[in-house]
Amino acid sequence: MEVLLIEKETLDCILDEHELLCNMVVNLAAHLRKKKPDELMSAAEVCDFLNIGSTTLQTLRNSGKIGFVREDNNRVGYPCSEVIGYLERNGVSPNAFANG
């Protein structure tokens, strides 16, 4: 058995980040439950949902890590299924959505 010593301040920081992540997943799940998999999310919704900036979203889109569609009015939309798929590929389990 391996024993790891960690400072209390470091542990508190880790626990705070964990709580923040859990809250984000719960909020995300509540938001996604209101949408169908083929419904489109706006860039602002995706950024808010993933807690990222528009530049990061653009990078994800350009690198093919998150799918998108260009609407008739030339706006970009992100299918809910693509956002969920991105989360799953990055370690957020679909069960986290069901248990939110």
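Student: Let's start with Arg-89: which element does Arg-89 lie in?
Tutor: Helices here are DSSP runs of H or I with at least four residues, strands are runs of E with at least two, and both are numbered from the N terminus. On that count, Arg-89 belongs to helix 4.

Student: Before we go on, what kind of model is this?
Tutor: Residue numbers start from 1 along each chain as its sequence is written, and side-chain values use heavy atoms, with hydrogens and water left out. Local features need pLDDT of at least 70 and side-chain atom pairs pLDDT 80 or more, while totals for chains, interfaces and linings use all residues, since the model is predicted.

Student: Is Arg-89 buried or exposed?
Tutor: Buried means under 20% relative accessible area, exposed over 50%, and partly exposed in between, using a 1.4 Å probe and protein chains only. Arg-89 has a relative accessible area of 54%, so it's exposed.

Student: And how far is Arg-89 from Lys-65 in space, C-alpha to C-alpha?
Tutor: Along the sequence, Arg-89 and Lys-65 are 24 residues apart. In space, their C-alpha separation comes to 9.2 Å.

Student: Which residues of helix 4 are buried?
Tutor: Helix 4 covers residues 80-89. Exposed Arg-89 isn't in the buried set; that set is Cys-80, Val-83, Gly-85, Tyr-86 and Leu-87.

Student: How do helix 2 and helix 4 lie relative to each other, roughly parallel or roughly antiparallel?
Tutor: Axes are lines fitted to C-alpha atoms, for helices over the stretch in contact, and angles run from 0 to 180 degrees between N-to-C directions. Helix 2 (residues 43-50) packs against helix 4 with axes 12 Å apart and an angle of about 25 degrees. Under 35 degrees counts as roughly parallel, over 145 as roughly antiparallel, 65 to 115 as roughly perpendicular and the rest as oblique. That makes helix 2 and helix 4 roughly parallel.

Student: Staying in helix 2, how far apart are the C-alpha atoms of Asp-48 and Met-24?
Tutor: Asp-48 is found in helix 2, and at 64% relative accessibility it counts as exposed. Met-24 is 24 residues away along the chain.

Student: What is the phi of Asn-51?
Tutor: Most residues other than glycine have a negative phi. Asn-51 sits in the loop between helix 2 and helix 3 (54-62), and it is exposed at 55% relative accessibility. Though not a glycine, Asn-51 has a positive phi of about 60 degrees.

Student: Which loop holds Asn-74?
Tutor: Asn-74 also isn't a glycine, and its phi is positive, near 70 degrees. With a relative accessible area of 53%, Asn-74 is exposed. Its place is the loop between strand 2 (69-70) and strand 3 (76-79).

Student: How far is Val-92 from Val-25 in space?
Tutor: Val-92 is in the loop between helix 4 and helix 5 (94-98), and at 19% relative accessibility it counts as buried. In sequence, Val-92 and Val-25 are 67 residues apart. C-alpha to C-alpha, the distance is 8.3 Å.

Student: Zooming out, in what order do the elements run?
Tutor: The chain has five helices and three strands. Of its 100 residues, 26% are buried. From the N terminus on, the order is α-β-α-α-β-β-α-α.
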